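User: I would like to learn how to read the features of a model like this one. Could you take me through it step by step?

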Amino acid sequence: MALEGSLVLPVFLLFMMTVLLNLEVVRFQSDMQEAIHQTGNQYGFASYLIKYANQSPIPVENRVKEYLESQMHPYLCVSGGENGVKIQDLSAIQEKGSIEFTVEYQIKPFIDWLPIGKVVIKDRFFSHAFTGYTGFEEQEQGKRQETYVYVTKTGSKYHISYDCTYLRVQVRSVDYDNLSSLRNQAGEKYYACLRCRPPKKGIVYITEDGNRYHGQSDCSALKRVVYMIPLGEADGYSACSKCGG
């Protein structure tokens, strides 16, 4: 039994150490993925400093290793430790507006003389830099930000506020028996909606500026389509008396 135990125990320890090494590799790779993801996002949002303010953000390598060092016992499975992590920044923010960098490291076996070969892991991050409004464009060009207004397909007014009450369809319910005596604001009669095909009885729904009656208050014909356009293109519209100032 002592002889068998002396033979089985090293095999068992080798197996357990192999399992633990694989778990450590998975943990470190997960930390590395999180590190490059967070670094890429921060680097992308800070890219406007390079383009507009001529400022250089913190290098990618420093950000990645700063995150890894905040974890418990980093680099345990990496050959060469911290120096074994090779990071190459391939970003072309000024030319193409892209964020790209690669990370490469080699896994260190727990027994160096084991003939398991080299296990090299490579990770890559690619994204586009932040291209939204920053405010620097107006400072460079001396232009004011374009003002946008809201118009409808059949209306003649432009609205500064999207919540203007004139942009909302005012729907009211009436009895069908009284419909024949009602007129819209243009003096027109009301006719049956071709979409919801309301019955000729009961409660129907009408608007002041439309000439159709509807059997349902949520009929798609009662929805007003609103367009947002630059104020400079609203030549055929006049300002709304309520929100247009």
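**Reading the model, feature by feature**

User: Which residues does Phe28 touch?
Analyst: Contact here means heavy atoms within 4.5 Å. Leaving out residues up to four places away in sequence, Phe28 touches Leu68, Tyr75, Cys77, Val78, Val85 and Tyr105. A word on the source: this is a predicted model, in which local features need pLDDT of at least 70 and side-chain atom pairs count only at pLDDT 80 or more, while totals for chains, interfaces and linings use all residues. Residues are numbered from 1 along each chain as its sequence is written, and side-chain values use heavy atoms, with hydrogens and water left out.

User: How many residues are in the largest nonpolar core?
Analyst: A nonpolar core is a set of buried Ala, Val, Leu, Ile, Met, Phe, Trp, Tyr and Cys residues joined through side-chain atoms within 4.5 Å. Buried means under 20% relative accessible area, exposed over 50%, and partly exposed in between, with a 1.4 Å probe and protein chains only. In this model the largest such core has 23 residues, and Phe28, Met32, Val64, Val85, Phe101, Val103 and Tyr105 have the most contacts inside it.

User: Which elements give two or more residues to this core?
Analyst: Elements are DSSP runs numbered from the N terminus: helices (H or I, at least four residues) and strands (E, at least two). Helix H1 (2–45), helix H3 (60–69), strand S2 (98–107) and strand S3 (119–128) each give two or more residues. H1 gives the most, with seven residues. There is also a second, separate core of seven residues, with Val174, Tyr190, Val204 and Ile206 among them.

User: In what order do the three strands of the open sheet lie?
Analyst: Two strands pair if DSSP finds at least two bridges between them. The order is S1-S2-S3, with antiparallel pairing. Strand S1 (86–89) and S3 stand at the edges with a single partner strand each, so one side of each has no neighbour in the sheet. From one strand to the next, the twist averages 15°. Axes are lines fitted to C-alpha atoms, for helices over the stretch in contact, and angles run from 0 to 180 degrees between N-to-C directions.

User: How many bridges join S2 and S3?
Analyst: Their antiparallel pairing runs over ten bridges. Val103 stands opposite Asp123 in S3. H3 packs on the sheet, where H3 touches S1 and S2, and the direction of H3 makes about 140° with that of S1.

User: How many aromatic pairs does the structure hold?
Analyst: Rings of Phe, Tyr and Trp (its six-membered ring) pair if their centres lie within 6.5 Å; planes under 30 degrees apart count as stacked, over 60 as edge-to-face and the rest as tilted. The structure holds five such pairs. Phe28 and Tyr105 form an edge-to-face pair, 5.0 Å centre to centre with 85° between the planes. This pair links distant parts of the chain, with Phe28 in helix H1 and Tyr105 in strand S2, 77 residues apart. Phe28 counts as buried at 2% relative accessibility, and Tyr105 counts as buried at 1%. Ring pairs also link Phe28, Tyr75 and Tyr105 into a cluster.

User: What is the phi of Tyr75?
Analyst: Most residues other than glycine have a negative phi. Tyr75, however, has a positive value near 65°. Tyr75 sits in the loop between H3 and S1 and counts as buried at 9% relative accessibility. Arg197 also has a positive phi, about 45°, although it is not a glycine. Arg197 lies in the loop between strand S7 (191–192) and strand S8 (203–207), and counts as exposed at 64% relative accessibility.

User: Is His214 buried or exposed?
Analyst: His214 counts as buried, at 5% relative accessibility. His214 lies in the loop between strand S9 (212–213) and strand S10 (226–230). Leaving aside neighbours within four places in sequence, the contacts of His214 include Cys193, Cys196 and Cys219.
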